[in-house]
Structures are given as C-alpha cells and as structure tokens.
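I opened this model to look up a few places in turn and to write down what I found at each.

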Amino acid sequence: MKTIRDFDLNNKKVIIRVDFNVPMKDGVITDDTRIKESLKTINYAISNNAKVILMSHLGRIKEESDKVKNTLKPVSIRLSELLNKKVIFIPNTRGSELENAINNLQNGDVLLMENTRFEDLPDKKESKNDPELGKYWASLGDIYINDAFGTAHRAHASNVGIASHLKSGIGFLIEKELDNLLPAINNPDRPFTVILGGSKVSDKIGIIENLVMKADYILIGGGMAFTFLKAGGVEIGDSLLDEDSIDFCKKMLKEHKDKLILPIDVVTNLKECFITDITKEEKGLDIGPKTVKLFKQYLDNSKTIIWNGPVGMFENDKYSNGTKGICEILKNIDAVKIAGGGDTASAVKNFGYEQAFTHISTGGGASLELLEGKELPGIAIIK
Ligand code: ADP
Ligand code: MG
C-alpha cells in the first residue's frame, strides 16, 4: 500500500484527510490529542514543499443549528499554534472562495477547509459518499492522503469518494495503526491471548468469531461475561444479560471450551464473592481478585495480547480494580500488548498505563472492525 513517503509532494496540491473530530465545549477544544497526532503527516507534507489542503469532519450535522457548534474554525487556531505557522481557514466546503484560496497557495502553505459534514445538509452528501462531491473535492488537489483512521471504516465522500479519483496513499497515523494491528491479529507470536470485556456480547460477536479462530485463549470479563456464564448454567442474578446472545454463547462454549476463560469470582453491588454465590437481587459489576489472578496465569506467558473492552464498570472507582489489575499485569509483561476500543483506550489512559502498551489504537469503531477481520473501505480503496 502506498504511503505519503511514496509520492513526490514538491509543488503539489496535497489533500490530507485528517481526524480533527475533537471534543468541544462551548466553542473551546477540551482535548487536542487528535490535532497533535496529525502533526507528523502535516509537517512532513510542509517540509516536502506541498501545498497542504486539510479536510476533516467534526461532530454530526443534522440541522442548520449544528453548524455553529461544529465549525472547524477553533481547530484552525489551535493547529496554527501547534504548527507555529499560519493556517488559512476557509469557512466553506465548496465554491470560489475555497478554489481561489487553493489556487493561491504557495509551497509549504496550509489551508483548512470547513467541516466536511456541512455537506450532510440537506442530503448527507459527505456521509453517504455522494459521487459528485467526492469528484469535486478530488478536483481541488493533485494527491490524496488519508490519515483519518477513526473514520476509515466508513465510506464517505472525503475518503472513499476522493480516493476514487486521485493518486492516493495513507499518512503516518494510519500506517502506524495497520503496522501494529494487522501483524498482531493475523500473524501473532504465540501464545496469543485476547482479553474481551465491555457490556454487550452482541456488540462483539464479530470479534469473538474472528479471534476465537486465531487466538490461543480468550479471557472474558465485563458485562458480557455474564451472558456466557448464564449460557453455561450459572445463576447471574440481576447482572447484565444479553438475552439474544445466549445461543451464540452456548455454541462458543461448546466448540471452544478450552479457549474461553470465564471469571470465577465477581464484585457485585453488594459484595465480593464466587461466581456461584450471586443472589437474585445482585448485579455483577467487576471481575474479582481471584479472576485477576487466573487471567494473570494466561497473560504471563503470552507473547501477543490484544485487549478490547473494560472488564468492569470502570467509570465507577468501586468497580475499576479488575481493569486496573489487568493494566498492572500487562505493565510487567514482555509481549506485544495492544489495546483497542474507545472505552478501553480511555480507561488505560485515565489509569495512567499508556506506557504499558505497545500500541493503543485511536479509532474506536475502526479498530473494532479490524479486530473483526474486516477490510476498512477508507483503506481498501487506497490498496
Ligand atoms: P470499547 O469502547 O473499549 O469497545 P465497550 O463499549 O464494549 O468497550 O464497553 C465499555 C462499557 O462496558 C463501559 O461503559 C463499562 O461500564 C461497561 N461494563 C463493563 N463491565 C460491566 C459490567 N459488569 N456491567 C455493566 N457494564 C459493564
Ligand atoms: Mg465503547
């Protein structure tokens, strides 16, 4: 697959699709991580004398009033500070102002176009990959670089649309994601252990089906463990149950009994106990310390570990020890260690264990689809 390094950018109009979908409150950026993560690709284009045209979405645009709070203007200001360089912001997604500004760019200049999703009014042109829109945006540049991993699992005009019409490659962020995730999933050093948690089994059926064939062990925690336990005949009280997934869990337990490792103890809203001692009115909200120890036995000799889904309701301090315990185990292991999924990534970071990982994937939905073994449209089109 082509990367930004494979092109001569000198004097070229280079469209870079970045992920500037930053959290905002009252027009102020509350976390600029995503802007910072895009700098490597942008700076590379600048130092190779490109005319840099940046595109990104921000939030969702369903009605006219959504535009005010989802303008990329504040992002252009923060980006300018971080680059220590002027960023030309164009408050439109098409038209003569945009076209003239692009035609006036000098080598090394940076222009940011307004939120691509402004084109979602009225007909979802961006989000439904309207062919005219992709073609029009492609006409503004000479080369297209996709570096927005977080939206690569969706076919939008600003990724698949443009890439259908221009010479295309990926940027450093997407390259790093693929370089870390694909070998771990498809060609892992063994033993290969997967830790799965989160709330619903139904959200993760694709991942379980794909990884159960590839992994040596799957350690199951979180809310989803209770549907597995129930399927195995355990009384789970008032714990989270994903009724529609019971048959799936039964089938998995039957076919992959030795691979699937379930919790043996639990922290409920009332006490800590063996999994068999949950009473009717109790809710299991975290894995217990004996389970953490059990999981440690598998993790300690693993060479590749992929983790998706917190093993407890980690947002509440009382039910965060299981998730913290896993972090602590991983910190002391020498292996390829990857965390993916929006909540998993934020748990790991909030608890201060970023350094314990080889790679923390930045794309929620996109990393889940890679774990499911799917090809991401925004990347497939470049291949
Ligand atoms: P990711 O975003 O990393 O893919 P998920 O969205 O699947 O992860 O799961 C995260 C959610 O699962 C969190 O909100 C957490 O509170 C919830 N969760 C974990 N364990 C439990 C549990 N035992 N009961 C209820 N919710 C749980
Ligand atoms: Mg989530």
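The entries below go from the ligand to a helix, then to single residues and the backbone.

**Ground rules**

I noted that this is a predicted model, in which local features need pLDDT of at least 70 and side-chain atom pairs count only at pLDDT 80 or more, while totals for chains, interfaces and linings use all residues. Residues are numbered from 1 along each chain as its sequence is written, chains are lettered from A and ligands numbered from 1 in the order in which they are written, and side-chain values use heavy atoms, with hydrogens and water left out.

**Entry 1: ligand 1**

I first asked which residues are closest to ligand 1. Of the 20 residues that surround it, the closest are Lys 204, Gly 312, Glu 315, Asp 343 and Thr 344; a residue is counted here if one of its heavy atoms lies within 4 Å of the molecule.

I then looked up polar contacts, meaning pairs of N or O atoms within 3.5 Å; within protein, one atom must be able to donate a hydrogen and the other to accept it, and residues adjacent in sequence count only if both atoms are side-chain atoms. A polar side-chain atom of Lys 204 lies 2.6 Å from an oxygen atom of ligand 1, and for a polar side-chain atom of Glu 315 I also read 2.6 Å to an oxygen atom of the ligand. From Ser 199 it is a backbone N or O atom that lies 3.3 Å from a ligand oxygen.

Taken alone, ligand 1 exposes 580 Å², of which the protein buries 86%; such areas come from the Shrake-Rupley method with a 1.4 Å probe, and for residues only the protein chains shown count as cover. The elements that give two or more residues to the shell are β14 (284–287) and α13 (342–350), and α13 gives the most, with three residues. I recorded that helices (H or I, at least four residues) and strands (E, at least two) are DSSP runs, numbered from the N terminus.

By class, the shell has six nonpolar, 11 polar and three charged residues, where Ala, Val, Leu, Ile, Met, Phe, Trp, Tyr, Cys and Pro count as nonpolar, Asp, Glu, Lys and Arg as charged, and the others, Gly among them, as polar.

**Entry 2: helix α4**

Next I asked which residues of α4 (residues 96–103) are buried. They are Leu 98, Ala 101 and Ile 102, where buried means under 20% relative accessible area, exposed over 50%, and partly exposed in between (1.4 Å probe, protein chains only). Seen down the axis of α4, these buried residues fall within an arc of 100°, so they line one face of the helix; the arc is that of the directions from the helix axis to the C-beta atoms. On the other side of α4, I found Ser 96 and Asn 103 exposed. The buried residues pack against β1 (13–17), β4 (51–55), β5 (88–90), β6 (110–113) and α5 (131–139), with contact meaning heavy atoms within 4.5 Å.

His 359 lies in strand β17 (residues 359–360) and is buried, with a relative accessible area of 4%. Not counting residues up to four places away in sequence, His 359 touches several residues, including Lys 176, Glu 177 and Lys 337.

**Entry 3: backbone**

Most residues other than glycine have a negative phi, and most peptide bonds are trans. I therefore noted the exceptions that I came upon. A cis peptide bond joins Leu 121 and Pro 122, with omega about 5°, and Pro 122 has its place in the loop between β6 and α5. The bond from Arg 190 to Pro 191 is cis, with omega near 0°.

Asn 84, in the loop between α3 (73–83) and β5, has a positive phi near 60° and counts as exposed at 71% relative accessibility. Asn 11, in the segment before β1, has a positive phi near 65° and is partly exposed at 46%.
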